[in-house]
Amino acid sequence: MAQKEVDIVIGGRTFEVACQDGEEQFLFTAAKLLDDEAGTLVSQIGRMPEARMLLMAGLMLADKTAGLEERLRDAQDKLAAAESALAREKGRPAPEPTKVEVPVIPDDLTDSLAEIAARAESLAEQVEEALGAT
């Protein structure tokens with residue numbers, strides 16, 4: 001790939017830098033991050049030599065990056081622990097089924113309900129006959 005010269009602005013100063021053709025957007029994104037840090041420095045401290053401004057802005061970005069890398073490591077450790085716990089749980093044998101006892105309806109109650117149903121049917125037939133006779 002061919003190299004391409006592009007202009008980037010950091011801390012109000014323009015720099016001409018080279019990058020591979022097609023990688024301009026990555027360079028502009030990185031330059032924007034550095035420019036944001038340089039802008040913070042300039043607003044807090046004021047004008048300073050170019051080398052110092054770039055050094056301080058780079059250090060501020062490096063500090064943010066180190067913090068993010070630490071958070072990433074913590075998240076990866078938590079993920080690894082969760083995956084390990086999940087693997088342990090998957091490796092466990094299934095628990096023994098729990099025996100549940102269901103109360104049984106006593107036979108005399110079943111007989112009583114059957115007798116009541118028979119009486120109700122008999123009464124229904126008598127009512128139908130009486131209504132049919134009128």
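Glu37 is found in helix 1; helices (H or I, at least four residues) and strands (E, at least two) are DSSP runs numbered from the N terminus. The model is predicted: local features need pLDDT of at least 70 and side-chain atom pairs count only at pLDDT 80 or more, while totals for chains, interfaces and linings use all residues. Residues are numbered from 1 along each chain as its sequence is written, and side-chain values use heavy atoms, with hydrogens and water left out.

Glu37 is buried, at 6% relative accessible area, where buried means under 20% (1.4 Å probe, protein chains only). The side chain of Glu37 makes a polar contact with the side chain of Lys64 at 2.5 Å; such a contact is a pair of N or O atoms within 3.5 Å, one able to donate a hydrogen and the other to accept it.

The table gives contacts (heavy atoms within 4.5 Å) for two residues.

| Residue | Touches, not counting residues up to four places away in sequence |
|---|---|
| Glu37 | Ala57, Met60, Leu61, Lys64 |
| Leu34 | Ile10, Leu54, Ala57, Gly58, Leu61 |

Leu34 and Ala57 also belong to the largest nonpolar core, which has 10 residues in all, including Ile8, Phe15 and Met48. A core joins buried nonpolar residues through side-chain atoms within 4.5 Å. Strand 1 (3–10), helix 1 (24–45) and helix 2 (50–91) each give two or more residues to this core, and helix 1 gives the most, with four.

On the surface, Ile105, Leu109, Leu113 and Ile116 form a nonpolar patch with about 390 Å² of accessible area together. Patch residues have over 30% relative accessible area and no salt bridge, and nonpolar side chains are joined within 5 Å. Leu113 lies in helix 3 (residues 107–133).

Notes: Patch = residues over 30% accessible without salt bridge, like charges linked within 9 Å, V, L, I, M, F, W, Y side chains within 5 Å. Areas by Shrake-Rupley, 256 points an atom, 1.4 Å probe, with all protein chains shown as cover. Salt bridge = Lys/Arg side-chain N within 4 Å of Asp/Glu carboxyl O. Buried < 20%, exposed > 50% of the residue type's maximum accessible area, 1.4 Å probe, protein only.
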